[in-house]
Amino acid sequence: MAEQIARVCLEAVQEPANEYEFTAEAAVVAALPATASARDRAASMLRRAQAPLGSLLAGYGSEPSALEPVLDRVRAAHPVLPTAARLHLCTLLRDHPGDSTLIRKLTAQWPNEPHDLIRPAASAVFHTHLLRDHDRGALPELEWQQAQSVLRDTASGLGHNNWARRRAAWVGILLTGQLGLLDDLVEHDGRPIRLPLGEFISTDLDLLVLGEIADHWPALRAHFGDTLLTRLTGDMLSPATDTAWEYLALVADRHPQLAQELTAAVDQQPHLLTHDTVLAWYAHTHRGEPHLLRTLIDNLRPSDTGSREVAPLLLADPLVLGLDPASVQRALHTELGPRHSGYPLPASGAFLALAAGFPDDTAVVGAWEALQRERDLHGHVEVDVSVYYPLAYAAVETAGFVDQVAHDSAWICSHFTKDVDPPFAQAVIRRLERDPEARAQADATIASADTSDAQAAQLASLRSAASTLSPDVADNLRQRLHRQQGFQLPDAVHDFVTATDVSVPALLLRMLQSGTGR
């Protein structure tokens, strides 16, 4: 019956002459793709200059042999998918039960993916399905050998431009259990080939690679023994052998053996706690222990590693760490010393912790009043943004909160800098998290007819990062989104949460889809 229906319907549109006939023809093929008439017509469609690729994908999406020529046309007709879409597609394909041969073909060019984060993800897909077919005897031996050759070549690529490719190769080596491929590979200076876990010119972190290393830690340690930490490095330009811990601390909880080794490393080398990630891991694993407060206080002090970044934020939430807030506050005052207020502001981690976690503290209130007096007297103040924003959003009265956000937002955007986005966004979000009156004021401003779509989206992004948007605010943002989508050229705005410039519709859509903006 299906064959007869398809034949009759397609005979009626032998040569589609208008949009309606093209749509009808495509709908028949998509609805009855397995029929001989539909297959013949699909082949004919692919030879046309304009083929209904969406309908063909829908009809043959679960049939690899028929899907392949459609995908070839899609690749030829459309630009490369954006990074986020490619990353999501890799996530879906890695454990997909579909045709492994087709999936391998789609990801076989993993070393040449255009973005550093996509290469390891595509490598994970390719090598997962490669191993699956190899283990069940469905993979030609030549293809297995070729894949190993690509892994060796990619894992030994020299120069900074190949660091991300090395990480992708290690993912494939770990997933296929072929650590021996690395044994005879060397750097240009003759040392064993290494894996750079990070980039010295970027803060991007590849958690997929780090996660696979953590999950395969016993195998890595068994194969490389005491030389493992000379193979893994956080800084390719440093001769030190302990730089990997800064990255491994992010995933240490994924395997008990890795966590035990990091614990031993910190015991033997306390200076590792000057790395933010190691300190954060340490605080989490030593929650409530008597010595934790002293350890965090010691790491408030300036150092070359930037440890002031995380220690104040950890001490700002003492209950999360199992610490007594009053004891933490007293310890911070002791560390701050007798000169704890006035202008210039104290440039110390202890003061930052007080501003972030104890906004009513006398040192915080006194510093804000001194700063205001200085501004009234001279018309301006000289303050580091890492100190100014935590102080401002700890001390500013609720009635002036939205005006403060608007003033600071305008200043940041007018100076074309993203360097201050993190301290500004963190300070605003922290105030919104703890102050219901500030949240209510922000909600009223977002919903006001006097607030432009761009301003509303910018403030709503900060507001939604603190807690879930109310239904009324979400409805207002939907109305703004509908209006923006009707513009030929939508507005654009700077988003402080992600430190990116983005179209207003895209920012509104992100918040509405997530419900929180996170």
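How many bridges join strand β3 to strand β4, and do these strands run parallel or antiparallel? The close-ups below take up this and other details of a predicted model, in which local features need pLDDT of at least 70, side-chain atom pairs count only at pLDDT 80 or more, and totals for chains, interfaces and linings use all residues. Residues are numbered from 1 along each chain as its sequence is written, and side-chain values use heavy atoms, with hydrogens and water left out.

**View A. The β3–β4 hairpin.** Strands β3 (residues 492-495) and β4 (residues 500-503) run antiparallel and are joined by four bridges (strands are DSSP runs of E, at least two residues, and helices runs of H or I, at least four, numbered from the N terminus; two strands pair if DSSP finds at least two bridges between them). Look for V493, opposite V502 in β4. Four residues lie between the strands, and A499 in the turn has a positive phi of about 55°.

View B. Buried here (under 20% relative accessible area; exposed is over 50%, partly exposed in between, with a 1.4 Å probe and protein chains only) are V473, A474, N476, L477, R480, L481 and Q484. Cover for the buried residues includes α25 (436-447), α26 (453-466) and α28 (504-514).

Notes
Contact = heavy atoms within 4.5 Å.
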